[in-house]
Amino acid sequence: MVVILQAVITLAVLLCLAKNRKSFHNMLLLYIVTVVLDMGYEYFIIQRFGYESILYEIPGSLRVFKGLIFLYITFYLINFKHRDKLKYLLYPFSVIVLTHTLGLSAKLFGYPEGDLIIRLYSKYFANYYIHYWIGSLFICIIVLYLHQKKAENPFIKKFRLFLSFVLLSALTFWTSYKLGLDIFLFQKIYNLSFLIQFAWILYVYILTYHEQQKKETMIINEEVPFKEKYQYKDLSKIDFEKIKSSIEEFYDKSIVYLDEDFTLEQLSQYLSISRTDLTITFSQFLASNFHEYTNRNRVLQFKRMQEEEPDSNVTDLAYQCGFKSKSTFYKYFKKEFNCLPTDHVL
């Protein structure tokens, strides 16, 4: 029951998050759930069969999702256009989980078919899992390194260091096993490394919370009446037409604004124009504000992407274009085209 419950819970969480990929923080939560359940699996095997059992050397199937989770986070951080295509790997990976669950369940209940299923699972997954896991980590680290300047996401460097730590832990554990060293000692150290990983994820959540607080403060400040906020600024010395052209050129040629966490502060840094001057330009020369203008351009980008890939899922494209929720996307789409995405004819 422990094994079956583990598989059911994990698959349920996977399906839920596959439909709600709002940010990479959800993927980090999924990583925690996967690791905890996988460690629970190992504890169950040890208690039920002991360290001497061959089942102890067969890795739990849930860990196959860890590489996929890190690949998705990596492609999210670099704003990779086709990152949501990774969701299709859920199907073959789910088959691995179900195969393992059926084999182990049959073994527990004494059915002879259990040994056959376990042997097949061990041959086609267990023998290649470490290569898949290390390969996934290595790909993520290389991709993040190559895109660290282009993407300019504040979490890229931190996540790359985190992945390097996980990769080093995995390589150390695997090498000690191959050399026949004290595997139980290294296992204890490896398990302790997960505490460090959880601490890092908690650290990211704290940082994210502070960033969100800053954004909310910035939004409130932007809503202050124009005359009250800028009544002491000499506007005659500012070339607003030039600023307007810079804004329009940025949204026309860049895709940085498709990052769901893109802020006015980031736009200010990209254009080397003060937030105050940008806010005035949005309000007085573009008849909008930063958030409305950004979301309007995200909707237009959605339309272009949908024309290129007419069979793509509407929600997937909306998330790729930087919207954090379907309701926000639908709001701005209807405002722009006066209809819903499902009613829009290309």
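Helices here are DSSP runs of H or I with at least four residues, strands are runs of E with at least two, and both are numbered from the N terminus; axes are lines fitted to C-alpha atoms, for helices over the stretch in contact, with angles running from 0 to 180 degrees between N-to-C directions. Two packed helices are described by the angle between their axes and by the distance between those axes. The crossing of α10 past α13 is right-handed, a crossing being right-handed if the near helix is turned clockwise from the far one by less than a right angle, and left-handed if anticlockwise. On the side of α10 the contact is made by Ile-247, Glu-248 and Tyr-251, and on the side of α13 by Phe-290, Tyr-293, Thr-294 and Asn-297, where contact means heavy atoms within 4.5 Å. These residues divide into four nonpolar, two polar and one charged; Ala, Val, Leu, Ile, Met, Phe, Trp, Tyr, Cys and Pro count as nonpolar, Asp, Glu, Lys and Arg as charged, and the others, Gly among them, as polar.

Residues are numbered from 1 along each chain as its sequence is written, and side-chain values use heavy atoms, with hydrogens and water left out. Because the model is predicted, local features need pLDDT of at least 70 and side-chain atom pairs count only at pLDDT 80 or more, whereas totals for chains, interfaces and linings use all residues.

For the chain as a whole, 15 helices and zero strands are found. Of its 346 residues, 47% count as buried, a term that means under 20% relative accessible area, with exposed meaning over 50% and partly exposed lying in between (1.4 Å probe, protein chains only). The accessible surface of the chain comes to about 18,900 Å², and 61% of this belongs to carbon and sulfur atoms; such areas come from the Shrake-Rupley method with a 1.4 Å probe, and for residues only the protein chains shown count as cover. Among contacts between residues at least 6 apart in sequence, 72% join residues at least 24 apart.

An unreviewed UniProt entry lists residues 28–46, 88–109, 129–147, 159–177 and 189–208 under "transmembrane region"; its positions are given in the numbering used here, feature names are shortened, and annotations may be inferred rather than shown by experiment. In the model, the span 88–109 is 86% helix and 0% strand, and its end C-alpha atoms lie 33 Å apart. The span 159–177 is 100% helix and 0% strand, with its end C-alpha atoms 27 Å apart.

Helix α7 (residues 156–178) contains Arg-160, which is buried at a relative accessible area of 13%. Not counting residues up to four places away in sequence, Arg-160 touches Ile-141, Leu-144, Tyr-145 and Gln-148. Leu-171 is also found in α7, but counts as partly exposed at 32% relative accessibility; the C-alpha atoms of Leu-171 and Ile-130 are separated by 9.1 Å, although the two residues are 41 residues apart along the chain.

Helix α8 (residues 183–222) includes Ser-193, which counts as buried at 5% relative accessibility. Leaving aside neighbours within four places in sequence, Ser-193 is in contact with Phe-165 and Ser-169, and its C-alpha lies 7.4 Å from that of Ser-169, a residue 24 places away in sequence. Ile-189 is likewise placed in α8 but counts as partly exposed, at 48% relative accessibility; Ile-189 and Ser-169 are 20 residues apart in sequence and 8.8 Å apart in space, C-alpha to C-alpha.

Helix α3 (residues 64–77) is largely enclosed by the rest of the structure, because 14 of its 14 residues are buried. This helix is followed by Asn-79, whose phi is positive, near 60°. In α11, the buried residues are Leu-264, Gln-266, Leu-267, Ser-268 and Leu-271. Ser-272 is exposed, with a relative accessible area of 67%. In the loop between α12 and α13 lies Ala-287, another residue other than glycine with a positive phi, here near 50°; Ala-287 counts as exposed at 70% relative accessibility.
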